[in-house]
Amino acid sequence: MPLGEHLRELRNRLAKGLLAITVVSIVAAFYSQELMEFLADPVPRCEPGMDPTGGHCAKVTFNDLLSPFTTTVKVSLMVGIIVSSPVWLYQLWAFVAPGLHKQERKYTYWFVGAAVPLFFGGAWLAYTIMPVSMRVLISITPDQAENLLAMDKILDFTVRMVLVFGASFELPLLLVMLNMTGMVTGRRMLTWWRGVVMGVFVFGAVATPTTDPVGMIALAGPIVVLYFLAVGISFLNDGRRRRNNPDAELDDDEASALDLTPEAVGDVEAVPAPKALPEQAGTGRADHRVNGFDDVT
């Protein structure tokens with residue numbers, strides 16, 4: 001298609017994706033109370049009769065007049081983006097897919113099919129460990145102080161935890177994709193294991209918003225397991241590649257295995273020399289020459 005047609009198709013697909021996000025966000029706004037309760041559930045609430053000081057519990061608050069409205073909008077929009085993701089992801093795929101080859105589409109199906117469960121697995125793990133992380137952070141509060149947690153801050157904290165854990169779970173999938181494209185082998189990835197384990201734990205300490213050892217171990221542990229799983233999948237893929245093509249893993253400058261054993265030469269066959277001159281190759285007629293020269297000259 002010409003450029004104008006591509007732009008019109010992109011506009012239509014973006015419009016459909018935005019429409020889906022808008023509709024779901026409006027529906028989510030009617031359930032904003034339940035959604036905010038769900039997001040604030042990991043917070044250790046102060047029950048009647050509990051001492052609110054000393055980091056035993058916390059109170060969820062709204063700090064200004066517009067905070068309830070802005071928090072409701074952010075929660076509804078976040079739910080709209082997540083719930084409508086199949087629609088706008090399909091629109092994005094439908095725009096890109098016609099330009100892909102059949103083999104590239106197959107790899108894309110595998111990538112998306114693995115990426116979605118990994119992201120939601122990381123998001124579920126983040127939400128599961130948040131009560132423990134919040135209790136660890138709140139326990140640092142001095143004995144004379146109370147914890148008043150703003151609802152919009154809790155929302156930001158939850159979103160950051162979910163995004164960090166979900167995106168981190170995609171890192172082993174990236175290694176598998178690099179192996180599928182032939183950029184790195186499973187044997188090479190296995191030699192990185194010491195640096196990868198150390199780097200993952202450092203990343204877990206820096207990336208988690210909680211800055212506590214519980215969040216770091218909860219993030220780094222599964223990623224290390226997924227890393228070794230990615231190495232195992234890469235070894236299997238390398239074996240399949242070797243069976244289909246024994247020279248698949250050779251470098252461009254590396255010679256393939258050739259049988260250079262000398263073989264006996266048979267009898268020499270006599271080959272007559274070709275006749276080079278026109279009068280030797282032709283019929284000897286006079287018309288092969290023009291003004292004393294042959295036709296080629």
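Trainee: Which residues in H2 meet Thr71, Thr72, Val75, Met78 and Val79 in H3?

Mentor: Keep in mind that this is a predicted model. On the H3 side you already have the partners, Thr71, Thr72, Val75, Met78 and Val79. Facing them from H2 are Ser32, Leu35, Met36 and Leu39.

Trainee: And by class, how many nonpolar residues does the contact of H2 with H3 have?

Mentor: Leu, Met and Val count as nonpolar, while Asp, Glu, Lys and Arg count as charged. In the contact of H2 with H3, three residues are polar and no residues are charged. The nonpolar count is six.

Trainee: How is H2 oriented relative to H3, roughly parallel or roughly perpendicular?

Mentor: The two helices pack with their axes 10 Å apart, at an angle of about 85 degrees. Angles of 65 to 115 degrees count as roughly perpendicular. So H2, relative to H3, is roughly perpendicular.

Trainee: What about H3 and H6, roughly parallel or roughly antiparallel?

Mentor: H3 covers residues 67–83 and H6 covers residues 151–168. Their axes are 9 Å apart, and the angle is about 20 degrees. Angles under 35 degrees count as roughly parallel. H3 and H6 are therefore roughly parallel.

Trainee: Which residues in H6 do Ser67, Thr71, Lys74, Val75 and Met78 in H3 meet?

Mentor: H3 passes H6 in a left-handed crossing. By class, their contact has five nonpolar, two polar and three charged residues. The H6 residues are Met151, Asp152, Leu155, Asp156 and Val159.

Trainee: Now the rings! Are Phe38 and Tyr127 stacked or edge-to-face?

Mentor: The count comes to three aromatic pairs. For Phe38 and Tyr127, the ring centres are 4.6 Å apart and the planes sit at 10 degrees. Planes under 30 degrees apart count as stacked, so this pair is stacked.

Trainee: How many residues apart in sequence are the parts that this pair ties together?

Mentor: Phe38 lies in helix H2 (residues 32–40), and Tyr127 lies in helix H5 (residues 102–138). Phe38 is partly exposed, at a relative accessible area of 48%, and Tyr127 is partly exposed as well, at 21%.

Trainee: Are the rings of Tyr227 and Phe228 stacked or edge-to-face, then?

Mentor: Their centres are 5.1 Å apart, with the planes at 65 degrees. Planes over 60 degrees apart count as edge-to-face. So the pair is edge-to-face.

Conventions. Residues are numbered from 1 along each chain as its sequence is written. This is a predicted model: local features need pLDDT of at least 70, side-chain atom pairs count only at pLDDT 80 or more; totals for chains, interfaces and linings use all residues. Side-chain values use heavy atoms; hydrogens and water are left out. Axes are lines fitted to C-alpha atoms, for helices over the stretch in contact, and angles run from 0 to 180 degrees between N-to-C directions. Helices (H or I, at least four residues) and strands (E, at least two) are DSSP runs, numbered from the N terminus. Angles under 35 degrees count as roughly parallel, over 145 as roughly antiparallel, 65 to 115 as roughly perpendicular and the rest as oblique. A crossing is left-handed if the near helix is turned anticlockwise from the far one by less than a right angle, and right-handed if clockwise. Contact means heavy atoms within 4.5 Å. Rings of Phe, Tyr and Trp (its six-membered ring) pair if their centres lie within 6.5 Å; planes under 30 degrees apart count as stacked, over 60 as edge-to-face and the rest as tilted. Buried means under 20% relative accessible area, exposed over 50%, partly exposed in between (1.4 Å probe, protein chains only).
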